Amino acid sequence: MMTPDQLKAEILTKTAEYYRLVHERQQHASFSPGESRVNYAGRVFNEQELVNLVDSSLEFWLTYGRYSRQFEKDLADYLGTRFCLLVNSGSSANLLAFSTLTSPLLGDRQIKRGDEVITVAAGFPTTIAPIIQYGAVPVFVDVELETANICVAQLEQAWSPKTRAVMLAHSLGNPFNINAVKAFCEKHNLWLVEDNCDALGSTYEGKLTGTWGDIGTSSFYPPHHMTMGEGGAVYTSNPLLNKIALSIRDWGRDCWCPSGKDNTCGCRFTKQFGKLPVGYDHKYVYSHFGYNLKATDLQAAIGCAQLEKVPAFVEKRKANYARLYNGLIDLPQIEIFRPYPESEPSWFGFLMTVTSKAGFTRNDLAKHLESKNIQTRNLFAGNITKHPCFESLHEGVDYRIAVPLVNTDKIMNDSFWIGLYPGMGDTRLDYMIKTIREFCA
């Protein structure tokens with residue numbers, strides 16, 4: 001008769017064997033140019049993710065638990081931040097990061113309805129959505145074509161006495177000009193939120209992105225640098241911001257007891273909060289209007305295994321970018337976006353802009369690549385202010401455009417990107433290079 005520990009060990013051994021029989025073969029399937037699909041992104045994993053997932057499922061602790069705590073510690077250690085909170089998506093991470101800055105605990109630095117937040121329109125909508133949903137006003141400036149990041153020369157034109165924060169993403173893993181943005185924020189006493197969802201592992205002057213501002217965010221959706229299916233994180237080194245974010249993530253409660261534990265503070269029935277009676281159970285005291293944004297321990301179990309692979313993923317992304325860059329840089333029909341000298345990107349995608357010399361459009365090239373089984377993507381919203389979700393908003397009231405978004409519109413019309421994720425071998429990269437070159441010729 002097996003003991004539970006012996007049976008568990010056998011299950012995990014069989015799980016690793018199953019990975020090798022099924023998933024390993026799928027990940028190393030042969031590539032047939034023109035017939036095999038070249039996806040812009042994909043999962044890269046080994047038996048450890050599967051073993052962790054099954055191990056967590058056998059415990060059947062379905063919400064926040066030991067794997068979640070381990071992941072938060074490991075990600076904070078990797079980033080060099082004091083605190084990290086696991087959430088259920090990168091979009092939730094952005095929502096939580098912004099909501100944290102609306103807390104009354106921040107005094108005169110609290111973001112209030114009608115306050116302004118400087119950002120860009122060329123990006124993913126959930127960098128912007130929390131600002132609008134709260135009732136603050138996004139103020140849009142243009143981007144640079146060369147970097148697809150904020151044009152820092154326009155920051156002062158966007159500032160007003162109502163400005164309270166800057167919230168920006170590092171576009172496709174390419175760090176924005178952090179020195180200039182941070183100096184602007186310090187000059188005007190503004191919060192800086194780094195949407196680091198596409199840039200895990202990127203550095204600027206040797207320091208990881210997501211750690212320069214007051215709060216950073218990550219996404220662990222399958223196309224990103226690492227995955228746990230759905231998932232995200234918010235990180236900071238500011239104890240007050242972490243306290244607020246924890247409260248808002250966990251229903252808005254004032255208590256910080258971990259799930260399944262009571263009276264961590266030692267004063268569960270002894271204090272008085274708000275207008276509640278003295279001794280009201282601290283576990284049911286709410287200091288913010290919050291959400292439940294936690295991920296599950298099963299997701300975190302996958303994340304713990306993935307996080308160990310991030311350094312190798314980053315190096316592979318850099319190498320893949322270099323191979324594509326060297327294979328396409330001489331083409332006059334396309335312009336490739338580039339990093340600042342101070343930065344070392346962990347690239348999420350390979351962005352190209354069709355030039356006036358091309359004689360064809362972005363869609364012409366994108367459709368041709370898709371016909372050859374090469375997946376393409378636009379730079380997300382292109383210009384978010386042109387989308388139907390903005391039709392019910394009023395410019396100058398609900399949002400403000402500080403300068404004409406000339407380059408943003410150029411990206412909307414003429415730019416697209418292809419993948420370079422770590423699972424791409426040289427044969428796929430070379431096939432994409434060959435297909436683009438033949439079309440341009």
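Q: How many aromatic pairs does the structure hold?
A: There are 17 aromatic pairs here. Rings of Phe, Tyr and Trp (its six-membered ring) pair if their centres lie within 6.5 Å; planes under 30 degrees apart are stacked, over 60 edge-to-face, and the rest tilted. Keep in mind that this is a predicted model, where local features need pLDDT of at least 70, side-chain atom pairs count only at pLDDT 80 or more, and totals for chains, interfaces and linings use all residues. Residues are numbered from 1 along each chain as its sequence is written, and side-chain values use heavy atoms, with hydrogens and water left out.

Q: What kind of aromatic pair do F140 and Y399 form?
A: An edge-to-face one: the centres are 6.3 Å apart, with 65 degrees between the planes. F140 lies in strand 3 (residues 137–141) and Y399 in the loop between helix 12 (362–371) and strand 13, so the pair ties together parts that are 259 residues apart in sequence. For the names, helices (H or I, at least four residues) and strands (E, at least two) are DSSP runs, numbered from the N terminus.

Q: Are F140 and Y399 buried or exposed?
A: Both F140 and Y399 are buried. Buried means under 20% relative accessible area, exposed over 50%, and partly exposed in between (1.4 Å probe, protein chains only).

Q: Which residues form one aromatic cluster?
A: Look for Y40, F124, F348, F380 and W417.

Q: Where does the charged end of R66 sit?
A: A charge sits over a ring if NZ of Lys or CZ of Arg is within 6 Å of the ring centre and within 35 degrees of the ring normal. The charged end of R66 is over the ring of Y67, 4.3 Å from its centre. R109 lies over the face of W191, at 3.7 Å from the ring centre.

Q: What is the order of the strands in the open sheet of eight strands?
A: Strands of a sheet pair through backbone hydrogen bonds, either parallel or antiparallel. Two strands count as paired if DSSP finds at least two bridges between them. Here the order is 1-9-8-5-4-2-3-13, with mixed pairing. Strand 1 (83–87) and strand 13 (400–401) are the edge strands, each pairing on one side only. Helix 4 (residues 66–79) packs on this sheet and touches strand 1 and strand 9. Contact means heavy atoms within 4.5 Å. The direction of helix 4 makes about 130 degrees with that of strand 1; axes are lines fitted to C-alpha atoms, for helices over the stretch in contact, and angles run from 0 to 180 degrees between N-to-C directions.

Q: Which residues cover the two faces of strand 1?
A: In a regular strand the side chains alternate between the two faces of the sheet. F83, L85 and V87 are on one side and C84 and L86 on the other, and all are buried. With five of its five residues buried, strand 1 is largely enclosed by the rest of the structure. Strand 1 pairs with strand 9 in the antiparallel sense over five bridges, and V87 has G232 as its bridge partner in strand 9.

Q: How many disulfides does the structure hold?
A: A disulfide is a covalent bond between the sulfur atoms of two cysteines. The test is a pair of cysteine sulfur atoms within 2.5 Å, and the structure holds zero disulfides. For C185, the nearest cysteine sulfur is that of C151, 15 Å away. C185 counts as buried, at 3% relative accessibility.
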